[in-house]
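Please look over the sequence and the structure shown below before reading on.

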Amino acid sequence: MVRKNKLSKVIYHMKTSSQKILLIGDSSLLPREELPYTKTYPYLLKALLSTSKIEMVGVSNNTSKKIALGIKPYTLYGFNPDTVILNYGIADVYPRPYPNWMDRLLACSGLQKYCDRFLKKTKLYYLFGDWFGYSSIPLDQFHTYSHDIVTQLFQQGVKKIIFVGIIRPSKILLYSKTVNQKIKLYNQIFQSLADSNKSIFYIDIYHDADETFSIWDGYHYSEIASDYLLQKISKLIND
């Protein structure tokens with residue numbers, strides 16, 4: 001297990017040949033108050049692979065559906081990456097207190113943040129999510145969209161795909177009693193895709209992570225997780 005300020009020694013083994021690398025994902029890729037930009041693993045990877053061209057498309061609350069439906073803009077129309085790193089899933093599986101249609105209605109009316117604030121303060125947010133089993137993207141659709149993403153990327157000439165699994169939930173996220181088991185099932189989709197093709201790789205952060213890998217919410221990366229992913233990804237790119 002990786003700990004803070006103990007970066008992998010694989011760094012000096014990195015190849016000097018230039019590659020085109022694209023990172024696509026949700027807010028897991030983005031800096032936060034607890035993890036400044038220079039500590040995020042995309043930044044560290046770009047600093048490490050100075051001879052490679054690296055682009056990133058990180059969007060808060062991004063889902064497999066949004067990525068699958070917009071894969072051409074994600075590949076930046078002509079960037080033509082050799083390797084694509086996919087870091088999504090938590091927004092798909094995250095326990096919601098109401099179905100998608102109601103979520104959109106509340107968002108359009110401007111009431112969503114007030115409803116969310118009240119439900120979280122009363123600790124009903126995750127309880128309702130568990131009762132009704134709402135997730136943004138159900139498991140069967142998650143499989144369909146993830147498979148479609150892979151198919152489209154290979155059709156565009158991508159040579160290697162790296163999936164970053166969904167992190168083990170901790171802290172506040174564990175207010176939900178069902179999210180841990182759901183995450184295991186969603187991660188199995190990534191694993192099955194990696195098993196089906198030698199050009200697809202899966203980073204199983206779930207089994208390596210403990211509560212030090214996330215910040216207060218239990219799912220956004222800490223500096224420890226960022227260092228861990230830098231090591232894992234750099235080794236896969238180097239192989």
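## Lysine 123 and its loop

In which loop is the place of lysine 123? In this predicted model, lysine 123 is found in the loop between α6 (112–121) and α7 (125–132). Its phi is near 65°, a positive value in a residue other than glycine. Lysine 123 has a relative accessibility of 56% and counts as exposed.

## The packing of α6 and α7

The helices on either side of that loop, α6 and α7, pack at an angle of about 95°, and their axes are 6 Å apart. Angles of 65 to 115 degrees count as roughly perpendicular, and α6 and α7 are therefore roughly perpendicular to each other.

## Leucine 76

A positive phi is also found at leucine 76, with a value of about 65°, although this residue is not a glycine. Leucine 76 lies in the loop between α3 (71–74) and β3 (83–87). With a relative accessible area of 34%, leucine 76 is partly exposed.

## The packing of α1 and α11

Helix α1, residues 41–48, packs with helix α11, residues 223–238, at an angle of about 45°, and the axes are 9 Å apart. That angle makes α1 oblique to α11. The crossing of these two helices, α1 and α11, is right-handed.

From α1, the residues Tyr41, Leu44, Leu45 and Leu48 take part; they meet Ser226, Asp227, Leu229, Leu230, Ile233, Ser234 and Ile237 in α11. By class, the contact of α1 with α11 has eight nonpolar, two polar and one charged residues.

## The nonpolar core

In soluble globular proteins, nonpolar side chains tend to be buried together. Here, the largest nonpolar core has 68 residues. Within this core, the residues with the most contacts are Tyr41, Ile85, Leu86, Phe163, Tyr221, Leu229 and Ile233. Helix α11 supplies the largest share of the core, eight residues. Tyr41 in α1, and Leu229 and Ile233 in α11, also belong to the α1–α11 contact.

Which residues does phenylalanine 163 contact, leaving aside its neighbours within four places in sequence? Phenylalanine 163 is in contact with Leu86, Tyr88, Val150, Phe190, Leu193, Ile200, Phe201, Tyr202 and Ile203.

Technical notes. Residues numbered from 1 in each chain as written. Predicted model: local features only at pLDDT ≥ 70, side-chain atom pairs only at ≥ 80, totals over all residues. Heavy atoms only, no water. Axes fitted to C-alpha atoms, helices over the stretch in contact; angles between N-to-C directions. Helix = DSSP H or I, 4+ residues; strand = E, 2+ residues; numbered from the N terminus. Parallel < 35°, antiparallel > 145°, perpendicular 65-115°, else oblique. Left-handed = near helix turned anticlockwise from the far one by under 90°. Contact = heavy atoms within 4.5 Å. Nonpolar A, V, L, I, M, F, W, Y, C, P; charged D, E, K, R; others polar. Buried < 20%, exposed > 50% of the residue type's maximum accessible area, 1.4 Å probe, protein only. Core = buried A, V, L, I, M, F, W, Y, C linked by side-chain atoms within 4.5 Å.
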